[in-house]
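Dear colleague,

I am passing on the structure below for your files. My notes on what was found in it follow.

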Amino acid sequence: MLPADPATSLEDRIVRKLRSVDYRDWRDKVTAIGGCAQPIRMFGAWQLHDHAGQVLEHKGGDILVPCGNRRQSVCPACSDRYAADAYHLMHAGLAGGSKGIPTTVTEKPRGFATLTAPSFGKVHSARQSSRGKTIPCACGSWHHPDDPRIGTPVDPDTYDYVGSILWQANAGELWARFIRNVKRALMKAVGLRANDFKHHARLSYAKVAEYQRRGLVHFHGVIRVDGPEGPSDPTPRWATAELLASAIQAAARSVSLEVARPDGQILTLCWGEQVDYRTIRPSNAAEVEQDGEISEARLAGYVAKYATKGTGKSEAADRRILSELHIGHLKVSDHHRRMIQTAWDLGGLDGYESLNLRRWAHMLGFRGHFLSKSQRYSTTFKAIREEQRTFRTLEVLDRMGYDPNTVTVINDWTYTGSGYSTDAERTLALAIAEGRKEQRQRKYEQEVAA
C-alpha cells in the first residue's frame, strides 16, 4: 500500500477514488471478491478452448483474488466466508444429509467437550456466584467484564510464563493423548482390549481452539462414536451416550505429559480442572434444550464463531515475528508481550528446537490448527471450496451458453502483489464487505420469517 498523502484527509482521498474514471471497474472487482481487505493481485488471462484446441473465449488483464485469511482482525470478508465453510463442515458431521454424511449420525452417541488449560498463577477475573452476585477478584477488587486487566496475572513476577508457553506448545499432543485415552476408557468399560478399538468402533471428532483472555487456548470438541468404517457404519450397541460421557471425563483427568524446563526440572502438563461436557441432541428434537444438552445447529454456529475469532489485537500479533526488536513494537498488552518474549527466548535454547517456538511466538506459542478434525468426521475445507469453484465455473459457462462437457478452461495468472494501492481503497473495500454482510443477514431473516 502506498503511503497516504499527508496534504489530504482520508475523506478527501475516498472522494477522489469515488470520482476516478476507473472506479466502477475497480468496484466490480472488489465486489466479486466480497470486499476482501487485503486481496492478492494477479495479471494474466482466462481462455475457453474447444476439443480441437480452438480459442472460443479470451479474457485477460488484472484481477483480484481473496486473501482467504480466516481471522476477523485481518480480513472481515474472508473471515465470514471461512465461518460459513466451518459451519457447513461442522453441521454435516452433526446432522448429516449433506457432504456425503448420512442422517443416521444423529442417532449415534455424540458429545461436546470443552478442555481448558491449568493455572499458571492467579489472574484478574470477574466472577459471579451461583446466585448471580459478583465475587471479588484475588486482588481484592471487583472488575467490570470489559476491564483490560482481566486475564492478566495478579503478580506478574510469580506467574509461570515458561510453564504456560510449554503447555501451549504441547496442547496438540495433549489432545492426541486425550483421544487415545477416550478409546481406552470405552474399551475398558466393556471389557475389551484397547488395541482392538479399531475393530469395534471409530472415534470421529472435530475440534476448534479458542484463546482465553489470559492468552491460553482451550479446545471445544465434537466427539462421535461410529462403526469401524465411519459414519455410515452402525455404532456398536455397547457404545452409549452415557458411556461416552463417562469415558471423556475419565480421559481428560488421566492425560499427562512430562517436559523439561530450561533448568532441567520436570514439568507435568495436563488439562485444567474445569472440563465441561454436554450431550448433543438432534435439531429436530424438542426446541427447549435440557440441562447438559446442546442442539446441532446451535453448536455448529458456536464452532464457526470460535474458528474465526482466533486472537484479538490485545492477545497476539496477526503475523509472524521476524526479529526480537519487533516484539517491543507490538500493540499488545504487557502480559501477552511477555508471553511472546518467553516463546521467543525458549525458541533459542537447546532442547526446544522441535517446538519451533520462534515461528509461533506471534501465536503465544500455540502451534496447532484452529479447526481440525479426524478423517471420517465429515467433509474437508478443500472439498467444500472445490464444490464452490465448480459451481461458479458451471454458472459462468451456462451464462455464456457453453456445454461444460465440450470445452476446456485454461487459466494463466501471475502474482503481481498484495493489498490495495491506498488506504482509501481499503476503506471502501471494508464498506463493501459490510454492505454485503448486512444484505445476507436481511435475506436470511426474510427466509426465516417466510
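A residue is called buried under 20% relative accessible area, exposed over 50% and partly exposed in between, with a 1.4 Å probe and protein chains only. At 5% relative accessibility, Trp 271 therefore counts as buried.

This is a predicted model, in which local features need pLDDT of at least 70 and side-chain atom pairs count only at pLDDT 80 or more, while totals for chains, interfaces and linings use all residues. Residues are numbered from 1 along each chain as its sequence is written, and side-chain values use heavy atoms, without hydrogens and water.

Confidence and overall layout

pLDDT is the predictor's confidence in each residue, from 0 to 100. Its mean over the chain is 88, and 93% of the residues reach 70 or more. Over residues 284-289 pLDDT stays under 50, and the model has 8 contacts beyond four places in sequence for them; a contact means heavy atoms within 4.5 Å. Where pLDDT is low, the predicted coordinates should not be read in detail.

The chain has 450 residues, of which 42% count as buried. Its secondary structure comes to 12 helices and 13 strands, taken as DSSP runs numbered from the N terminus (helices H or I, at least four residues; strands E, at least two). Along the principal axes, the C-alpha atoms fill a box of roughly 70 × 60 × 50 Å. Among contacts with a separation of 6 or more, 68% come from residues 24 or more positions apart.

Aromatic pairs

Rings of Phe, Tyr and Trp (its six-membered ring) pair if their centres lie within 6.5 Å; planes under 30 degrees apart count as stacked, over 60 as edge-to-face and the rest as tilted. The count by this rule is 13 aromatic pairs. One of them is stacked: Tyr 82 and Phe 381, at 4.9 Å centre to centre and 25 degrees between the planes. Tyr 82 belongs to helix α3 (residues 76-95) and Phe 381 to helix α11 (residues 381-400), so that this pair links distant parts of the chain, 299 residues apart. Both Tyr 82 and Phe 381 are buried.

Trp 167 and Trp 271 form an edge-to-face pair, with 5.9 Å centre to centre and 80 degrees between the planes. Trp 167 is in helix α4 (residues 161-169) and Trp 271 in the loop between β9 (266-269) and β10 (275-281), so the pair ties together parts 104 residues apart in sequence. Trp 167 counts as buried at 0% relative accessibility.

One aromatic cluster consists of Trp 167, Trp 175, Phe 178, Tyr 205, Tyr 211, Phe 219, Trp 271, Phe 366 and Phe 370. Trp 175 lies in helix α5 (residues 171-189) and is buried, at 2% relative accessibility. Beyond four places in sequence, the residues that Trp 175 touches include Leu 115, Tyr 205, Phe 219 and Trp 271.

A charge sits over a ring if NZ of Lys or CZ of Arg is within 6 Å of the ring centre and within 35 degrees of the ring normal. Arg 70 lies over the face of Phe 370, 3.8 Å from the ring centre, and Lys 207 over the face of Phe 219, at 4.5 Å.

Helix packing

Axes are lines fitted to C-alpha atoms, for helices over the stretch in contact, and angles run from 0 to 180 degrees between N-to-C directions. α4 packs with helix α10 (residues 334-347) at about 70 degrees, the axes being 9 Å apart. The two helices, α4 and α10, are therefore roughly perpendicular (65 to 115 degrees; under 35 is roughly parallel, over 145 roughly antiparallel and the rest oblique). Residues making the contact include Tyr 161 and Ile 165 of α4 and Arg 338 and Met 339 of α10.

Regards
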